[in-house]
Structure formats: C-alpha cells, structure tokens
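Hello,

Here is the structure you will be taking over. Please open it next to this email and follow along.

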Amino acid sequence: METAPFNHPGLIIALALAAGMISQALAHHLRLPGIVLLLAAGVALGPDGAGLIHPEALGSGLNILTGFAVAVILFEGGINLKFRRLRRTQHSIRRLILLGGPVTLAGAATAAHWIMDWPWQTALLFGTLVMVTGPTVINPLLKRLKVKRTVATVLEAEGVLIDAFGAVVATVALEAALSPAHGTPLVWGLHVVSRLGFGTLCGCALGMVLILLYRLKRCIPEGTENVFTLAAILALFQGSNQLLPESGLAAVTTAGIIVGNFSTHALRDLAEFKEELTVLLIGMLFVLLAADVRLSHVMNLGWPALGLVLVLMFLIRPAAVFAGTVFSDLQWKERLLIAWIGPRGIVAAAVASFFANAFGERGLTGGYELRAMVFLVIASTVVVAGLTGGFVAGALGLRRPSQAGWVILGANALARGLARLFREDSQETILIDSNADHCMAAQNDCTRIIYGNGLQSRNLLRAEIDTRRGALALTGNDEVNYLFVQKVKEQTRGIALWTALKMDSETLTRKMLHRSGIHLIFGAPIDVEIWDRRFRSNQVYLQHWRCRSNPPRYAEGCHLMTGYPGSGLIAAAMRREKRLSPVGDGTRFKAGDKVYFFVFKPEIDTAREFLKAAGWRRLDLEDQDAFTTSTCHLKQGKPTPSCAQTEP
C-alpha cells in the first residue's frame, strides 16, 4: 500500500497542523478569508488530492481532537464577550438566538426537504446543523471588514452563543432520529434545556473558581496560568459531557464569559495565549475535516444543492435575522448587514462529521451526503461574505471610517493632555496602558482607555489600529516606545508613527527612528516622567501661537525648538488646513500654521520671548488657569468618570 507511511496518526496530525498554519499565513498576505484556503488545503492534501492526509486513520481520535479543539475555541470566544458591550445589544442577541435560530432550523429543513427531496428526518438534521454561524469565521471576517461596533458585537455574540446552543440541539436531534421510540418532542426539548442548563451551571462554577485562584497570589505558580486554565477547560468539557452528554460546549462557553468579564492579573496573557492556540486548532480542524469529505459526495448533490445554498443565504438567513431583530434598537441597515453576513464555521463542520460517522456505524444512508451539503454551505457562505461583505457594509455606510483618530501608548498626564487636544478637535483618541493608576486617572478624566499591554496584538485590534491616522508612544521607557511603534508598523500599512525619546543613546537614536519611518514627537527629546509630574502639580499652561510671515532670520519658516534655553516648552500639536496633527522633528512650519504649546509655568516669560523672536504670534489671551487633562466637559457638561470609559 503506497500511502501506508501517511496513515500514521502522528504524521497526519503534524501535517494538518503545518498545512493549517501555512494556509492561514498565505490567506493573510492575500487578504482572503482563511477558511477558503483551509478547505482547499484539506481537499488538496486529502484522499481526493495528494493523499497525504487520511483522517480515517485517526479513528475515534478524530472525534476527541475535534471536541477538545472546539471547546478551546468556544472558551476563547466567550472570553471576548464583554458584558459592557453585550448590554447595549442584549435584546437583539437574545432574540436572534431564541427566535432566529428556530426560524433557520425550520426554514432550512423545509428547503432541504423540497429542494433535495430528502426525508424529513434528514432534512431536520440538516436544519440543526446550519442554524449555527461561528466565531472561527465571523471574528476574522469582522477584522477585515471593519464594520461598526454595534453590528460587530451582535455578530460576534451570535457566533459564540448559538454554537453551543446549536450543537446541543443538533446532537439531541440526532439521538431522536436514531432512537425515535425513546421519547416525545417534549422529552427531547427537555433534554436540550437540561443540557444547556447543566453546562451553564458547571461553567459558572469553574469560572468563579478560576477567578478565585487567579486572585490568590502564588496559588498558581507564575508562568503556568495559561496551561493550568487550558487543562481546567478540557477537564470541564470532558467531565460535563461525561455527567450529561453534550453539555460540555455550553459549560466552556459560560466559563469563558465569566473569566473574560473579571479583570485579573492573568487575563491579558490568558487571552493572548488562547487566541494563538485557537488559530492553531482552527487550521488543523478545517484541514482534517475537509480532507474527510469526498468530492464525489459533493458532486453527486447536483444543481439542487446550489439552489438550497442560495435559498439558505438569501431567503432563510434574512428571515431569521429580521424575525430576531424586529423589535430591537438596530437600524434597518444594521439588520440588513447582519442578514448578509452569516457564514458557517467549525462547529457545523465538526457536528456534521460526527453525524456522518454515526450514520455509517448504524448502517444508515444519507450521512455522507448530509456532511457534503454542510461543507458546501460553509464554503459558499464564507466566500460570499468574505468577498462581498466589505462592499455591502460600505454601501450601507456601516464601515468604520479609515484614517480616523489616534492610538496613544501611555496614559500618563502628558498623554492625557495630548488626547484632550485631539478629542476637542473631534478626533477619537484611545490610550493603552498597563499601569492601573494611569488607567484610573484616565477614567477620572473621561478618556477612553484600554487596560493592557500595548505590545500585544489583541489590544491593538481592540483599539482598531488599522483604522487610525496614527499611533503615538508616550511612555517614559524609550525601548518600550520603540517596540510599540514597530509592532504597529508590522500590523498596519501607511499609518503615521510618532514616539517620544529622552535623548540619543547607544541603543536608540533619532537616526534609527528616521530610518524606520518614525517621527520624534514634539520636535525634540523630552522626559515624559518630568512632564507627567508637572501636569499633576498644575504647572503646565496651554498656549496657542500662529506662524507669521517668515522673519529674515528664518527664511524657511518659523523656528521651533532649536536654541531654546530651557526644558519647559513643548510643541504639542499643529493645525494646518483645519486639521490637528502631532508635531515632529521633521515638521516644517509655514506662515499661517497654528500650534498648541505646553509651557512649564516657571518658563512662561522665557518661552514667550523665544517664540516671538522665532516668528510666532500669540493668538489666545494671557495665561489664566493651568491646563487640565480632563475631557469630562465633552460629555455634555456631566462628568462621568466610570469604568464605561475603560476597555478591560
């Protein structure tokens, strides 16, 4: 047997892992939905292609791998569901699952019965499989499409919550189909409720235990929190399933939601670890499950299968969404976009493969055709949503604006002061800081803050870095500032980068910044920590100056910082053509440019004389009160220092 070496389970898993990561990396560079290349890789490497991956050689191990991987994926999805965001659209999400899900089930089953001429038993099973969407597909798609937060929140929550709900419904439906004499519809309905309820209780219990362990110092050895949590989640999944079959998915989803909504010292690293692990597992699963599908089964479905996919996408999905959101606060454009984006993901694929194996073990027909139809739905919905979702979102005006606002690393007083200038110019500004005191000060200033490590990709994504005009690094650590702007540069294209620098050193110089396309903010080296103390002691004043016609001494424009005798003058921001921007060492001023300066109180007179001599004219009144970093007055005159301003 020439393919015998490739039937080894260890080699199959290794090849699937490698193929999954290569496919996702290639999809990232080609800006394509990752699942498209994953499915293609599974087919190309499977028995119908090169014959390198034979999932059947894994035996029952494939189901175990699939179950564990889906558990981790749903736990990671639960971590990202924040109560604060869900609260705004909770009614839409609840109705979309409780009303939209059954509408999808009934509509898909009816369409499959009449279009595919399947018996009602098989058609109903198909309906339970395609009622789910899935975070594995939705989340990467939303990152590419950059839709508004309201729509993104609804789609993310639907993907996570309906996966657990749909998987339980589908499994109970399979039990009913294989053992019709053992219960009535009411009994099977109670099975669904009991498994969801039991899983939710188990998930809540473990989630609270994990939070308690995180907060007890030295209870979990430092550096092992991630693997400890992973082991606990897998034990929860398998243990819950052992006590009450198919309750595990609800348990791990609930545990993720509980853990994700309580700030702990381990949460940031945990979320990053789970996100990376999820990427690895998604790639492996899609390759294995796609390789397990035979192209002959898909081709044998014929043209009616394409008709069923079209009905599911353009009739049943919109009907389910509009039924679930009819009395919600969502606008009709938002409802239309949600209806357009409904790709199926890994849970549908995994449960469909389980169905096919269950049918085969019982000697029943139709299981492989059912799986082939589900994979056709997955491929079609992902391709359509991925290729047309951006156009539809743009046509409806629901894409987040590009080149809008700023992301600042650091929430010290200097950073908050600069953030106030941009916010008063109607430019959104988000601060990122892992210092709890700085974050609390930002909350008190009513400034939006993300509590976390700015070097982690997850926090940059939450700050929507790909839609911003620029990123600014304003911490007191030059090396961290440099690493931050380099990280942003790796993840975005064409974004302006600015960083503070105390002074040229052996490890970091202005020439190094310029070679990397990074601007030295404020036009000169400064000590961020000194300015932070000056702001906090109310010794900083804001002055507004305009560049006059070029004085003879400075033929190329107004002079800025060179030659200033003190350290108490900062060119904070410049307005040119009605747009406020940071000032850098490469900025060349022209007549009419307006600049906001931060001035240290003891140097007010010195700074005034220097700026006048350098070709500047004062625009505002004489100094009265010290500059405050608070932006609470922007909230319609009502100070609201609360956690609502914080992205935990």
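Start with strand 2 (residues 429–433). Five of its five residues are buried, so strand 2 is largely enclosed by the rest of the structure. Buried means under 20% relative accessible area, with exposed over 50% and partly exposed in between (1.4 Å probe, protein chains only). Strands (E, at least two residues) and helices (H or I, at least four) are DSSP runs, numbered from the N terminus.

A note on the source: this is a predicted model, where local features need pLDDT of at least 70, side-chain atom pairs count only at pLDDT 80 or more, and totals for chains, interfaces and linings use all residues. Residues are numbered from 1 along each chain as its sequence is written, and side-chain values use heavy atoms, leaving out hydrogens and water.

Back to strand 2. Both of its faces are covered. Thr429, Leu431 and Asp433 are buried on one side, and Ile430 and Ile432 on the other.

Which strands pair with strand 2? Strand 1 (residues 406–409) does, in the parallel sense, over four bridges. Two strands pair if DSSP finds at least two bridges between them. Trp406 has Thr429 as its bridge partner in strand 2. From strand 1, the chain passes through helix 18 (residues 413–424) to strand 2, a right-handed β-α-β crossover. Right-handed means that, with the strands pointing away from the viewer, the path from the first strand over the helix to the second runs clockwise.

Strand 3 (residues 449–451) also pairs with strand 2, parallel, over three bridges.

Five strands form it in the order 9-8-10-7-11, with antiparallel pairing. Its edge strands are strand 9 (579–582) and strand 11 (616–618), each pairing on one side only. Within it, strand 7 (residues 540–547) and strand 10 (residues 594–600) run antiparallel, joined by seven bridges. His544 stands opposite Tyr596 in strand 10.

Helix 24 (residues 604–613) packs on this sheet and touches strands 7, 8, 10 and 11. Contact means heavy atoms within 4.5 Å.

Last, helix 11 (residues 248–260). Is it covered or open? Mostly covered: 13 of its 13 residues are buried.

Best wishes

Note on methods: Axes are lines fitted to C-alpha atoms, for helices over the stretch in contact, and angles run from 0 to 180 degrees between N-to-C directions.
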